Each structure stands twice: as structure tokens, then as C-alpha cells.
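Have the sequence and the 3D view ready as you read.

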Amino acid sequence: MEELMDLFQYMRENTMEKESPLASRMRPETLEEVVGQQHIIGKDRLLYRAIKADKISSIIFYGPPGTGKTTLAKVIANTTSADFCQINATVAGKKDMEDVVAKAKDNIGMYGRKTILFVDEIHRFNKGQQDYLLPFVEDGTIILIGATTENPYFEVNQALISRSAVFELRPLEKDDILKLIKRAISDDKKGMGAYGALIDDDASEFLADCANGDARNALNAVELAVLTTSPSEDGHIHITIDVASDCIQKRVLKYDKTGDNHYDTISAFIKSMRGSDPDAAVYYLARMLYAGEDVAFIARRIMICASEDVGNADPRALEVAVAASQAVERLGMPEARIVLAQAVTYIACAPKSNAAYMAVDAALDRVRNEKTAAIPTHLRDAHYKGAAKLGHGEGYRYAHDYPNHYVDQQYLPDELKGTKFYNPTDMGYEKEMKNLQKKIREEAGEV
């Protein structure tokens with residue numbers, strides 16, 4: 001009877017393997033087949049060495065969907081000599097865990113073999129369920145591998161965390177997704193190779209962009225495209241960008257990140273912020289986000305605009321832009337869109353001045369094209385050996401010893417005396433700066 005049950009189980013698993021979604025079938029079986037996550041499974045990394053040596057201790061994999069958490073668990077299952085059990089925290093109960101623990105005790109007692117328990121969505125376990133596992137993890141009855149999309153330091157029992165190595169998986173790079181798409185299209189055994197499908201380069205690029213680092217999104221779209229597209233007269237299934245757009249349910253936007261449209265859009269974006277039009281600026285921001293533009297690139301352009309076009313008219317604009325850049329790096333999409341919109345609208349609505357930008361470029365022009373002028377003697381450093389004997393620093397007047405912390409004193413070299421590089425405007429805070437400069441000079445008796 002037991003042999004009959006094993007046969008039924010084998011047939012069921014074999015059928016499920018053949019009919020499971022492409023993303024599931026394409027899961028790597030060895031470390032060498034894994035794409036991406038080189039920061040944790042590169043050949044010189046701890047996890048790579050541990051898997052290869054079959055010396056796995058308890059692990060928590062943390063990262064967004066489609067980044068390879070279950071994949072790495074499956075690779076470990078294919079590599080290890082330990083018994084491997086898998087449960088999903090969304091449906092598993094205490095009875096399931098008790099069965100695993102009982103089996104693990106038998107494995108140790110009867111065969112001297114360890115048991116690895118993979119718990120997918122481990123953050124779905126309540127505190128009691130997590131507490132139940134703790135003593136068996138602690139005494140080595142089971143080696144726990146947990147996978148979660150939530151921050152484990154908030155969602156997983158701290159006692160379990162302290163006994164586990166936490167590895168954070170990152171969204172896959174575009175090149176990683178492209179590699180997986182190509183593999184899925186051509187693989188005869190596990191992929192769609194038997195269908196004779198061909199995918200256009202722009203369709204691959206589009207899917208890789210839209211996947212947003214999630215391999216499952218891209219592979220699901222590839223599978224749907226192949227299964228729902230009729231062969232052409234040449235006998236091949238041609239996956240064009242229009243087919244790809246239908247299958248991932250995202251409209252194709254004319255936006256080549258290396259072509260003219262990219263530069264035209266970013267130009268319109270910058271000019272809209274400079275021109276104090278928040279509506280246009282947000283529109284071009286949305287176009288770039290929809291097309292999959294790198295949010296870090298957008299954030300850098302916002303920081304440049306904050307300094308170049310707003311400048312000292314509102315010094316807080318640069319603070320907002322820098323804070324937005326940091327927040328975008330930590331949040332990622334889709335939340336990054338909110339932070340970017342805040343920064344864009346602030347800068348678009350801020351008073352404008354390019355006086356600081358013009359000042360440094362004018363000064364650079366003089367430095368670049370004229371003989372280097374000598375620094376006035378009274379401004380030179382008098383502290384290094386022998387400098388005082390040369391008269392360095394002699395006659396320098398300390399500004400804080402004078403009213404308004406200002407004294408009429410020459411700072412520019414003789415050849416540039418009286419030159420104006422910075423011409424503050426009457427916009428925003430810069431007007432206050434300009435008036436303060438004028439006031440303290442008048443009170444110091446300057447004409």
C-alpha cells in the first residue's frame with residue numbers, strides 16, 4: 001500500500017512539474033544557474049561557500065517578490081545531504097510543524113541526518129507558531145530557512161532572528177531579467193523552446209523594464225505571449241513589443257533610455273521645473289516613471305536643478321532634493337514616486353535664481369583663461385614653518401572683532417580687485433542676503 005502511495009505521489013509531482021507555470025519550471029537547480037544576487041552568492045561569499053560545503057545554518061531570506069528567495073531554498077534542497085521539508089506559512093498549522101519536528105527527530109536518531117525546514121512567507125506565522133519552532137532550531141533538531149517579503153527584524157521572532165543569518169535579496173538588474181527571458185524562450189526542456197518562439201529585442205527590453213526587478217513578472221508575460229500568439233507563415237511565434245505590452249498589461253511608451261526621446265523628456269522635465277510649472281514637471285516625471293527610468297537618475301537631475309535654478313533664492317530646495325534622493329534609494333518603487341513628486345513640485349514652485357551657478361562659471365572662466373593671480377599676503381597662512389618671517393598673515397583683520405562681523409578688507413588678488421562674480425537677485429531668500437550685504441558694507445563706511 002505504501003509503495004502504491006509513493007507511485008501516486010510521484011505521478012502527481014511529475015504532472016505538476018510539467019504543467020506548473022514557466023516561472024516555477026525555470027527555477028535553477030544549481031548555484032551556477034542562479035542569475036543575480038551575486039552580493040550574497042558570489043563565489044567568494046559566505047552563502048556560496050556554505051551551500052557548496054553543505055554546512056547550512058538557519059537562514060532568513062528577505063526581499064521583494066520574484067527575486068529568488070524560494071529559488072535559493074530549492075538550490076539548497078538540491079545540494080544538501082540533509083532531509084528537506086517545505087511548508088507555506090499561509091496554510092500550514094501547528095500539526096504540520098509537529099509532523100516535521102517528529103520526522104526530524106527520527107532522522108537524527110535513526111540515520112544521523114539533519115533536517116532543513118523551508119518556511120515560505122514566514123512572517124505569516126503568528127508569535128505562537130514561531131515560538132513553537134524556536135527550541136528545535138536552538139537544539140539543532142531542524143535547520144530553518146525562512147523566506148519573507150517583510151522586514152524580518154519587525155515581523156519575525158527576535159529569538160529566531162538571533163539564531164539565523166539574514167540575507168537581503170535585491171530586485172534583479174535589467175540584464176539579469178534579459179538573461180532569464182532569453183533562457184526561457186530557448187530552453188527545450190523546462191522553457192518554451194519547443195514552441196519555436198522568437199522575441200524581438202525591443203520586446204525583451206520592454207519586458208525587462210516593466211518587470212521592475214521581478215523575474216516572475218517577466219516570465220509570466222513570456223509564457224502568456226507564447227501560448228496566446230499564433231505562428232506566422234515562417235512557422236515561428238513572433239513576440240513583438242505590442243504582444244509583450246498586451247501580456248504584461250502595460251502600454252508601450254515611446255521612450256528609449258539611450259535615444260533622443262530620453263534626452264527630450266529629461267530636457268522638458270528640467271525646463272518645466274526651471275520655468276516654475278509644477279503641472280508640466282509632474283507630467284514629465286510620470287512619463288519617465290511609467291517608462292521605467294532609473295529613479296536614482298531622476299533624483300540626481302532634481303538635485304542639480306535645485307542648486308542650478310533655485311540656488312540661494314530658497315536654500316531649502318537643495319535640502320529637499322538631497323533628502324528625496326536618499327529616500328528614493330531606500331524605498332524604491334512604487335513609493336519613490338511620491339517622494340520624487342514632492343521634491344519636483346517644491347522646486348518648481350520655489351523662487352528661482354541661477355546667480356550662484358553663474359558666479360562659479362564666471363570664476364572658472366577667469367581661472368581657466370588668465371594667469372594665476374597671487375593670493376594677497378595678509379590672507380596667506382602664517383602657521384607653517386618660516387611663513388611668518390615672510391610676512392604671511394601680517395595685517396589680516398579678524399572679521400568677528402568688528403561690528404556686524406564685517407570689516408572692509410581686500411580678499412581678491414590685486415589683479416581682480418573689484419571684480420563681481422556673484423550678483424544676487426531680488427528673488428526669495430537671496431534678496432535678504434543681498435540686502436544684508438549692502439547694509440553691513442554701508443555701516444562699515446564703504447561707498
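## A walk through the model

Thr71 counts as buried, at 13% relative accessibility. Here buried means under 20% relative accessible area, exposed means over 50%, and partly exposed is in between, with a 1.4 Å probe and protein chains only. Thr71 sits in helix H5 (residues 69-79); helices (H or I, at least four residues) and strands (E, at least two) are DSSP runs numbered from the N terminus. Leaving aside residues up to four places away in sequence, Thr71 touches Arg27, Pro28 and Val34, where contact means heavy atoms within 4.5 Å.

Before going further, note that this is a predicted model, in which local features need pLDDT of at least 70 and side-chain atom pairs count only at pLDDT 80 or more, while totals for chains, interfaces and linings use all residues. Residues are numbered from 1 along each chain as its sequence is written, and side-chain values use heavy atoms, with hydrogens and water left out.

**Domains.** The domain assignment, which comes from an automatic or database source, gives domain 1 (37-168), domain 2 (174-247), domain 3 (260-352) and domain 4 (365-444). Taken over C-alpha atoms, the centres of domain 2 and domain 3 are 33 Å apart.

**Nonpolar cores.** In soluble globular proteins, nonpolar side chains tend to be buried together. A nonpolar core is a set of buried Ala, Val, Leu, Ile, Met, Phe, Trp, Tyr and Cys residues joined through side-chain atoms within 4.5 Å. Which members of the largest nonpolar core touch the most other members? They are Ile177, Ile181, Ile185, Leu207, Val226 and Ile239, out of 33 residues. Two or more residues each come from helices H2 (22-25), H10 (174-186), H11 (201-210), H12 (215-228) and H13 (241-248), and from strands S6 (197-199) and S7 (237-239). H12 gives the most to this core, with seven residues. Apart from it lies another core, of 27 residues, including Val310, Val328, Ala336 and Val339.

**A helix pair.** Helix H6 (residues 94-111) and helix H7 (residues 127-138) pack at an angle of about 5 degrees, and their axes are 11 Å apart. Axes are lines fitted to C-alpha atoms, for helices over the stretch in contact, and angles run from 0 to 180 degrees between N-to-C directions. H6 and H7 are therefore roughly parallel to each other, a label for angles under 35 degrees. Lys94, Met97, Glu98, Val101 and Lys105 of H6 meet Gln129, Tyr132, Leu133 and Phe136 of H7.

**Backbone details.** The peptide bond from Met333 to Pro334 is cis, with omega near 10 degrees. Pro334 is in the loop between helix H17 (316-331) and helix H18 (336-349).

| Residue | Phi | Relative accessibility |
|---|---|---|
| Asp54 | near 55 degrees | 27%, partly exposed |
| His405 | near 55 degrees | 53%, exposed |

Asp54 is found in the loop between helix H4 (46-52) and strand S1 (59-62). His405 has its place in the loop between helix H19 (355-369) and helix H20 (428-443).

**Across the chain.** Where does Ala286 lie? Ala286 is in helix H15 (residues 278-290) and counts as partly exposed, at 39% relative accessibility. Its C-alpha atom is separated by 59 Å from that of Gly112, 174 residues apart along the chain.

Conventions. Angles under 35 degrees count as roughly parallel, over 145 as roughly antiparallel, 65 to 115 as roughly perpendicular and the rest as oblique.
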